[in-house]
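Work through the exercises below with the sequence and the model open. Each task is followed by a solution in steps.

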Amino acid sequence: MTTGCGCLPCGGGAGRAPQRSGPVTLNVGGIRYTTSRETLAGCQKLSDLVASPPGPDGTYFLDRDGRHFSEVLNFLRDGPELFSPPSEVDARRLLQREALFFGLQELAKSVQELYTGAPIPTNEEQRLEKLEGLNVMHTDDHEQHYDAITRIISATLDVPIALLSLVGDDHQWFKSRCGLDATQTPRNTSFCAMTFQPEVPTAAMMLVIENAKCDGRVCDNPLVTGEPFISFYAGCPLVTSDGFRLGALCAIDRVPRSINPLQAQILVNFAQVAVQEIERSQLLCGDLEGLDEAEDDRIPSNSDFAAGPLRNERMREALREGLCLVQVRDDSMDWPILYANEVWTSLSGVRITPPERFPGKAHAEDASQNGRRAPKAKELTFFSWLQLLGKTTSQLREEIRLNWAQQEPSAFALKGLAAVSLADTSAAPRMGGKNGSMSGNQERVTVTCRFMPAELPLDAAAAAIRPVPQREAGGPAAAVPGVTGRLYFVTTMRCKEPPAPALTSRMSDASASEVKTPQSTEGTPVGGDRRKSRGNTVDAVAAIKPPRSPFDDVRLLRLVGQGSFGKVYYGLWMGSPVAVKIIETRTTEQQRKFEPAFEAVLSASMAHPNLVQTFMSSTRNKPSTSGLTEEAEPVLETWMVQEWCDRGTLGTHCSKPRSDPESLIEVMDICIDIAGAGAYLHSRGIIHGDLTANNVLIKTQVSRKGYVCKICDFGLARVLEGDTTDIMTTQLGTVTHMPPELFGVGQEVRLTTMADIYAAGVLMWQAVKGEPPFFGLSPPQVVVQIVKGKRLKLPEEVPQEINEVFMNCTAPEPEDRPTFDGLVKTFSGMMSRSLGNT
């Protein structure tokens, strides 16, 4: 086809040498245009093209959309003064794209003055190919599992409109919609296409526009100036396993407003749930190599879950997990289920329809009986489906109150017996009964449930997308209007094996053996020459491959450290990063002297933002690695699933001096973290006993210094009974952090809380100096120095008030040392004054 556009007729032929003037024919995407070389001289890219010989048919081929190339030629021929841009919105958008491709900035600017929408991403061709390959565009737009997502988003964000939008080449289509009749809009009007920026997968984040009429990016958008008169928009991109963005899950209001960090994270979490469903068929048919056997020793970070194998594997695992949103209360065991995914629906036989607004109730219906609704008075609550195991309801309520009393939200785990529908029956379970009552078409199975606060990422894949606004550490707990209590995402898995027996501990002067790891203490590094000494035995193979976890919902990925009595792995607990500590005791004497169960039970009983949280623990006899011989004495394994701290130890962090005014503010902030945790421990009658820089871990957090310090490793901790203030012990910690009174002659020494205060003073010194205390001395030499009265000293440039606090903490006499409560107040006051002067 030949298009004239006022240009010269076709001329020239194959094999002719290029000319400087005269007519030329361009084949643009199958459409022929004939013009003059003088016209093309205004575009460097076109001028360079026709400077070379033409093709065999005498034309110059351009692999572009030829439908709007005539406008490009008209602009080059007539100039910007006479050029008239097209009136259609889509035509202007496509013309702007062509203008940018050809480097015609004036043309792009002339059409940009009219609203053209979000910029086209550089990976648009691959993105559209991914979207087309999923076969989701223009399918059923009333699927229940997608409609449940937009409905709960409408309720939790308190907006009239919620959409699941997929952005195609020239339009956006709504896979699910709540509160809007339209099924699609032109792409140039799409707010959701704006979530494609920035394009880097590791930079994916929400888009929030609080008042569209005052936002220069969208104030001229037809959806703002006309129906539905968008004023507020919050959208989270739908990021696939390979990092492409298909569209967004969004919330829309017709009045200006804002959302809080809790609502933002809920939107991100449900966007992750939605994109997993969209990608379901491709995820489940994929064939990835087992990540457990991966040779890469590098510890994954959030960026590794932004795109690629780890994100793919996590999303595939999530498709097999039951998920519901539960309203948790501390004054009642009536915890309404507000949302449930398809896996939970299949597991329970109950379909949950979320409430339209809060306060409101979700509706439960028999999923296998054509949607016949249960009596409205019988609202389905979590414990009408699950019967608790291992604790009473009063114990659970008390744990919830303690959890909520902390500044930082944290996850917790429950096990129970659940009424599960039999696979070969069409009858749904009876709903509304107490303690998981069943019908005749159900079986009772053991399930494990992880309760993740809704203000935290649902898993590592959701954590790769930044919510807006982002939650700040220590800030007030946000709430959803109309909701009593707090919201939790509950991930449920069916246990394959009977639950492990409950741990017991006599809470005595026993300690767990030390595990030297980057997650806890210095020890054998991972990588390098580590594998060279493993030999050619079956046990050597077992040392490389992570052992099978006793928890069905925990998967080990990487060994991060090991010592003489155990190992620490980086793992995933239903998709969320955790540290898995495995302590081995090989003899009855070791088990008596080093009781790992003590550390497990003690650490799990505590909740504080500056303590490493233990989510769950288990003991078992270590499975045989060879199966050929039985050991004389069984090896007892104690497993602890703990909070993952991604930035290593305080010892590693304190590798440079911090004595200037700005750095000393960071030191005071570190001391506040340590003293806050110490005050909590001492208020509960617990002496840590081994407070060193390698037993303080660092975790990334949105705060002034960008991280938080957390005390770990309670293997040498002691519990004071009643009103006692000391305990006699032979088990001591690290000599460089021990006070003088613990170096007395005899088998036993008197340990008090003041030993932790002394150790905290040494940590303060280490943070300022940037080096280990008594560096270069052997343990016996350190003991001699301390017994002789040798004391650590801070640099002279450190302010006097900081030096006085340090000297008081490391005073030779225990009674001269302050308390942790006093240190929190002292450091907080000093820090406030310092910040006021900066």
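**Exercise 1: a core and its contacts**

Leu650 touches Ile670, Ile674, Ala693, Val696, Ile698 and Cys709, leaving aside residues up to four places away in sequence; contact means heavy atoms within 4.5 Å. The model is a predicted one, in which local features need pLDDT of at least 70, side-chain atom pairs count only at pLDDT 80 or more, and totals for chains, interfaces and linings use all residues. Residues are numbered from 1 along each chain as its sequence is written, and side-chain values use heavy atoms, with hydrogens and water left out.

Task: Which residues have the most contacts inside the largest nonpolar core, and how many residues does this core have?

Solution.
Step 1. A nonpolar core is a set of buried Ala, Val, Leu, Ile, Met, Phe, Trp, Tyr and Cys residues joined through side-chain atoms within 4.5 Å. Buried means under 20% relative accessible area, exposed means over 50%, and partly exposed lies in between, with a 1.4 Å probe and protein chains only.
Step 2. The largest core has 64 residues, and Leu650, Leu691 and Phe827 have the most contacts inside it.
Step 3. With 13 residues, helix α19 (residues 661-683) gives the most to this core. Helices (H or I, at least four residues) and strands (E, at least two) are DSSP runs, numbered from the N terminus.
Step 4. Domain 4 (554-622 + 633-643) and domain 5 (648-837) each supply at least three residues to this core; the domain bounds come from an automatic or database domain assignment.
Step 5. Another core, of 55 residues, lies apart from it, and includes Phe232, Leu238, Ile259 and Leu262.

**Exercise 2: an open sheet**

Task: What is the strand order of the open sheet of five strands, and which are its edge strands?

Solution.
Step 1. Two strands pair if DSSP finds at least two bridges between them.
Step 2. The order is β19-β20-β21-β23-β22, with antiparallel pairing.
Step 3. β19 (554-563) and β22 (614-621) each pair on one side only, and are the edge strands.
Step 4. On average, neighbouring strands of this sheet are turned by 25° against each other, direction ignored. Axes are lines fitted to C-alpha atoms, for helices over the stretch in contact, and angles run from 0 to 180 degrees between N-to-C directions.
Step 5. Eight bridges join strand β21 (residues 576-585) to strand β23 (residues 636-643) in the antiparallel sense. Glu584 has Glu637 in β23 as its bridge partner.
Step 6. Helix α17 (residues 596-604) lies across β21, β22 and β23, and runs at about 20° to β23.

**Exercise 3: strand β2 and its partners**

Task: Is strand β2 largely enclosed or open, and in which sense does β2 pair with β3 and with β4?

Solution.
Step 1. Strand β2 (residues 23-28) is largely enclosed by the rest of the structure, because five of its six residues are buried.
Step 2. β2 and strand β3 (residues 31-36) run antiparallel and are joined by six bridges. The bridge partner of Pro23 in β3 is Ser36.
Step 3. β2 and β3 form a hairpin with two residues between them, and Gly29 in the turn has a positive phi of about 60°.
Step 4. With strand β4 (residues 60-62), β2 pairs in the parallel sense over three bridges. Tyr60 in β4 stands opposite Leu26.

**Exercise 4: salt bridges**

Task: How many salt bridges does the structure hold, and which parts of the chain does the pair of Glu143 and Lys175 link?

Solution.
Step 1. A salt bridge is a side-chain nitrogen of Lys or Arg within 4 Å of a carboxyl oxygen of Asp or Glu. The structure holds 36 of these salt bridges.
Step 2. In the salt bridge of Glu143 with Lys175, the closest N and O atoms are 2.4 Å apart.
Step 3. Glu143 sits in the loop between α6 (124-133) and α7 (144-156), and Lys175 in strand β6 (residues 171-178); the pair, 32 residues apart, links distant parts of the chain.
Step 4. Glu143 counts as partly exposed because its relative accessibility is 24%, whereas Lys175, at 1%, counts as buried.
Step 5. Arg151 and Glu356 also meet in a salt bridge through their side chains, at 3.5 Å from N to O. Arg151 lies in helix α7 and Glu356 in the loop between β13 (350-353) and β14 (363-366), 205 residues apart.
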